[in-house]
Amino acid sequence: MARQAQVSPATVSRVLNGRASVDPVLAARVQQAVQDLNYRPNVVARNLRLSQTSLWAVIISDIGNPFFTSMVRGVEDVAQGSGFSVVLCNSDEDPEKEARYVAAALAQRMAGVVISTSGRPNVINRLIEARIPVVAIDRQLRGVSVDTVLVDNVHGAELATTHLLDQGYRRIACITGPRRISTAAQRLRGYQRALKSRGHQPTDNLIRFADFREEGGYRAMASLLDETEPPDAVFATNNLMTVGAVECLVDRGVKVPAKVGVVGFDDIPWAHLVRPSLTTVSQPTYDLGRAAAVLLGERIANPAKPTSMVTLHTDLHIRESSTRPA
């Protein structure tokens with residue numbers, strides 16, 4: 001490059017890095033050489049020199065879930081205000097895919113990582129060992145000391161189940177997520193706690209472990225309806241499974257809420273538009289993202305600070321799907 005432009009390597013470096021202190025004639029020669037040689041900067045080499053990029057990786061578990069849209073926006077708004085850009089990675093609830101994205105974050109020397117993990121602590125341990133600042137969001141990992149932002153899943157699930165009990169439902173089912181994921185376990189715990197507090201013993205035949213996807217919610221609801229004593233209400237622990245469960249009820253001709261009451265976890269943008277409108281436990285998704293980004297910025301500024309855990313509140317939005325007719 002320097003030989004082509006007939007300038008020194010230092011001049012080439014200053015031009016490529018946008019320095020203004022270069023003679024315009026020399027800068028023009030370098031730019032012409034860039035075009036003639038079809039030059040592309042070696043980003044990896046540049047990152048090695050600078051120790052890190054100005055990029056944050058946001059690794060989410062399901063890009064198809066609207067929950068993450070607002071959450072990522074919260075991360076991005078804080079990042080942009082702090083001079084960082086965001087790279088979005090979708091692990092698709094696949095631990096192997098998640099591990100590949102973590103490996104890419106390590107190779108590219110990302111300035112920081114926000115991750116909604118699939119449930120394996122080893123991926124976060126790799127980031128910690130490499131001294132890349134990391135914040136876990138939405139999901140908690142045991143045995144890992146890392147900044148974390150969550151919602152009060154147990155309380156939200158307890159609110160949902162108690163509401164169904166207050167409406168007179170008694171055989172309340174729970175469709176939750178994979179056993180390894182903290183949100184699934186915590187929301188199941190809140191459901192069980194609400195039943196026990198009213199003198200009802202949770203039964204395994206009214207609990208289904210699904211995949212946090214629409215198809216999983218559909219299959220779980222179908223399985224519950226096929227029970228000898230099917231439920232008269234269902235609490236689905238995320239938005240996509242709620243959609244799947246309601247779709248199954250519609251396909252089976254089961255009236256909501258007359259025959260089966262429904263409460264979902266995660267508000268759905270159109271929950272108030274469908275008929276019957278859906279009762280949901282809403283999370284402050286944008287604030288989750290903002291809080292995670294703030295923690296990441298603090299971790300970057302002070303790597304030695306003690307780890308923090310932020311827990312945000314949930315709200316129950318009561319609509320028609322859980323309001324039992326008199």
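**Figure 1. Contacts of Q186 in the predicted model.** Q186 touches Q140, N153 and V154, leaving out residues up to four places away in sequence. With N153 there is also a polar contact, made between the two side chains at 2.8 Å. The residue belongs to helix α9, which covers residues 182–197. Is Q186 buried or exposed? Its relative accessibility is 11%, and the limit for a buried residue is under 20%, so Q186 counts as buried. The model shown here and in the other views is predicted.

**Figure 2. The chain as a whole.** The chain has 326 residues, of which 48% count as buried. Its secondary structure consists of 12 helices and 12 strands. Among contacts between residues at least 6 apart in sequence, 70% join residues at least 24 apart.

**Figure 3. The six-stranded open sheet.** The sheet is built from 6 strands in the order β2-β1-β3-β4-β5-β11, and the pairing is parallel. Which strands lie at the edges? They are β2 (85–90) and β11 (309–312), each of which pairs on one side only. Neighbouring strands of this sheet are turned by 15° against each other on average, direction ignored.

**Figure 4. Strands β1 and β3 with helix α6.** Strand β1 (residues 55–60) and strand β3 (residues 112–115) run parallel and are joined by 4 bridges. Within this pair of strands, W56 stands opposite G112 of β3. Helix α6, residues 95–107, lies across β1, β2 and β3. The angle between α6 and β1 is about 175°.

**Figure 5. Strand β10 between its pairing partners.** How many bridges does β10 form with strand β9? There are 3, and β9 (residues 261–265) pairs with β10 in the parallel sense. G264 has T280 of β10 as its bridge partner. Strand β12 (residues 315–317) is also joined to β10 by 3 bridges, but these two strands run antiparallel. Here T280 has H317 of β12 as its bridge partner.

**Figure 6. Side-chain directions along β10.** In a regular strand the side chains alternate between the two faces of the sheet. In β10, T279 and V281 point one way, while T280 and S282 point the other way. Residues on both sides are buried: T279, V281, T280 and S282.

**Figure 7. Surroundings of S282.** S282 is placed in strand β10, which spans residues 279–282. Not counting residues up to four places away in sequence, S282 touches D267, T314, D315 and H317. The side chains of S282 and H317 make a polar contact at 3.4 Å. Why does S282 count as buried? The relative accessible area of S282 is 9%, and buried means under 20%, so S282 falls in the buried class.

**Figure 8. Surroundings of P230.** P230 sits in the loop between α10 (214–225) and β8 (233–236). Apart from its neighbours within four places in sequence, P230 is in contact with R171, L224 and L225. L206 is 24 residues away from P230 along the chain, and the C-alpha atoms of the two are separated by 8.1 Å. P230 has a relative accessibility of 34% and therefore counts as partly exposed.

**Figure 9. The largest cavity.** By the rule applied, the count is 1 cavity of 30 Å³ or more. The space in the largest cavity is about 120 Å³. Its lining consists of 15 residues, and N65, D138, R139, F212 and N238 are those nearest the centre. Which helices each supply at least two residues of this lining? They are α5 (66–81) and α9. Helix α9 is also the helix that holds Q186.

**Figure 10. The largest pocket.** The volume of the largest pocket is about 270 Å³. It is lined by 14 residues, of which R131, I132, P133, R299 and P303 lie nearest its centre. Two or more lining residues come from each of α7 (121–129) and α12 (285–301).

Notes:
Residues numbered from 1 in each chain as written. Predicted model: local features only at pLDDT ≥ 70, side-chain atom pairs only at ≥ 80, totals over all residues. Heavy atoms only, no water. Buried < 20%, exposed > 50% of the residue type's maximum accessible area, 1.4 Å probe, protein only. Polar contact = N/O pair within 3.5 Å; in protein donor to acceptor, adjacent residues only side chain to side chain. Contact = heavy atoms within 4.5 Å. Pairing = 2+ DSSP bridges. Axes fitted to C-alpha atoms, helices over the stretch in contact; angles between N-to-C directions. 1 Å grid on protein atoms, 1.4 Å probe; cavity = no way out; pocket = protein on both sides within 12 Å on 5 of 7 lines; lining within 4 Å. Points joined across faces, edges and corners; volume = space filled by probe spheres on them.
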